[in-house]
Amino acid sequence: MSSLTEPADSQPESLTVWLVNQYAIRPGDAGIARHNMLAERLAQGGIAVSILAGGRHYARQTSNMLGRAGSEILEGVEYRWLPVRNYQGNGFERVLSMLAFGATVARVSVQGPKPDVIIGSSPHLFGAFGAWLLARRVGSAFVLEVRDMWPGSLIHMTGMSPNHPVALGLGVIEKVLYRNADQIVGVLPGVGDRVEEVVPGGRDKVTWIPNGVELAEPSTSSQRTRGDRPFVFAYTGTHGVPNSLDTLIDAAEILRDRGRHDLEFHLYGDGVSKADLVERAQSKNLKNVIFHEFVAKSEVAGILEAADGLTLCWRDTALYEHGVSPNKIFDYFAAQRPVVQGLSLRPELDPVASARAGVTVPAEDPVALADAYELVADLSPEQRDAMGARGRAYAEAEHDMNKLGRRLAGVLRSAVERRRLSAGRGRRLR
């Protein structure tokens, strides 16, 4: 694991920050809530934050806007909903939507105070590139947040050749962003390795700020007495290609054929693969797989605590060689339930293994996954409670959103200072 810097949040200076992420959502909406949670922490610390996001929900393609308003203030954070192209699935229309969003961001006008820092997040590189162009135009410091590894995500998920013009073009953008960022935030623990590979010496600008969770007072609920009821494993989140839920369905079929009718799988969420997954389960006549609709973020904790175990799956791909940091794992840990996952990754980069909070088996191996489900279901309630407690302790130590917000504030101030020093050197050279 790379050794990453963690700048101290020691300067009291107030800042104005713009955070660019096409897929950011409102507080309480179902989906990836990293940015609204971090932004709220920054705002509580006196930092003025505006989130620039696409005006449609990334999973459901429904409007994020309230009425005709292009912006709104929620929990002390300004949300500016930018127009985006509609799309369905993961094809060419989605790429056009990404390109259009990046171009829109680059042209955003400054009304009111100029941002001291612009953060460009990389669920795709075009939005982050547009954020960098905007920062150059208005003279702001630029912080790159590396979420998904591009062009690696495209290469590993689609089989695209590294020499394909699209992959080569994304590689150029990646290098430009790494080289020109004043600071880099890595969501994955191994991002520093990738930055150093592309831009030697770039590791010094990288700070690890993983995904996290809002930790309310811990629940006192322990494993329920089963009696005659089924043992419930729950999944909450996106139903997409990377989530490998077809492996879970195949594992559920294996368990049914073994006569384990006491195990059920409840899947909450939506995504481009959901219709195919429902059809797959129906074609196998699986009564032990139950699909539920998208739920609001505020409902997730109750769903997780009502389950006996929690689960998620990954693809078997080199894409995850730099680690993983899914929001749902930390929600799972906070709920104090054992976690079963399929993931092929070194144990030191696997949160479940690091926390000793459940069982990890190789990715895309339905037999191993079925075995793990049986193993956890057949543990004593006390053993499952111990797994859940270890997950909760790990989340409190490593993924408390309050701690992560303070770390991000330090990064932002370091970026402003780096920009000022760079500008000072430029004036002296002239």
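User: Gln336: buried or exposed?
Analyst: Gln336 is buried, with a relative accessible area of 15%. Buried means under 20% relative accessible area, exposed over 50%, and partly exposed in between, using a 1.4 Å probe and protein chains only.

User: What kind of model is this?
Analyst: This is a predicted model, where local features need pLDDT of at least 70, side-chain atom pairs count only at pLDDT 80 or more, and totals for chains, interfaces and linings use all residues. Residues are numbered from 1 along each chain as its sequence is written, and side-chain values use heavy atoms, with hydrogens and water left out.

User: Back to Gln336. Where is it?
Analyst: Gln336 sits in the loop between helix H10 (327-334) and strand E13 (339-342). Helices (H or I, at least four residues) and strands (E, at least two) are DSSP runs, numbered from the N terminus. Gln336 has a positive phi of about 60°, although it is not a glycine.

User: What is phi for Arg356?
Analyst: Arg356 has phi near 55°, a positive value in a residue other than glycine. Its place is the loop between helix H11 (351-355) and strand E14 (358-361). Arg356 is exposed, with a relative accessible area of 54%.

User: Zooming out, how many helices and strands are there?
Analyst: The protein has 14 helices and 14 strands.

User: And how much of the protein is buried?
Analyst: Of its 430 residues, 55% count as buried. The accessible surface comes to about 18,000 Å², and 51% of that belongs to carbon and sulfur atoms. Those areas come from the Shrake-Rupley method with a 1.4 Å probe; for residues, only the protein chains shown count as cover.

User: Which peptide bond is cis?
Analyst: The bond from Trp150 to Pro151 is cis, with omega near 5°. Trp150 lies in the loop between strand E6 (141-146) and helix H4 (152-158). Pro151 is in that loop between E6 and H4 too.

User: Trp150: buried or exposed?
Analyst: Trp150 is buried, with a relative accessible area of 15%. Leaving aside neighbours within four places in sequence, Trp150 touches Ser122, Pro123, His124, Leu125, Leu170 and Glu174. Trp150 and Leu319 are 169 residues apart in sequence and 9.6 Å apart in space, C-alpha to C-alpha.

User: Glu174 is in H5. Which residues does H5 meet in H6?
Analyst: Glu174, Lys175 and Tyr178 in H5 meet Arg194, Val195 and Val198 in H6. The residues of this contact divide into three nonpolar, no polar and three charged. Ala, Val, Leu, Ile, Met, Phe, Trp, Tyr, Cys and Pro count as nonpolar, Asp, Glu, Lys and Arg as charged, and the others, Gly among them, as polar.

User: How do the axes of H5 and H6 cross?
Analyst: The axes of H5 (residues 165-180) and H6 (residues 191-198) come within 10 Å and cross at roughly 100°. Axes are lines fitted to C-alpha atoms, for helices over the stretch in contact, and angles run from 0 to 180 degrees between N-to-C directions. H5 and H6 are therefore roughly perpendicular. Angles of 65 to 115 degrees count as roughly perpendicular, under 35 as roughly parallel, over 145 as roughly antiparallel and the rest as oblique.

Conventions:
Contact = heavy atoms within 4.5 Å.
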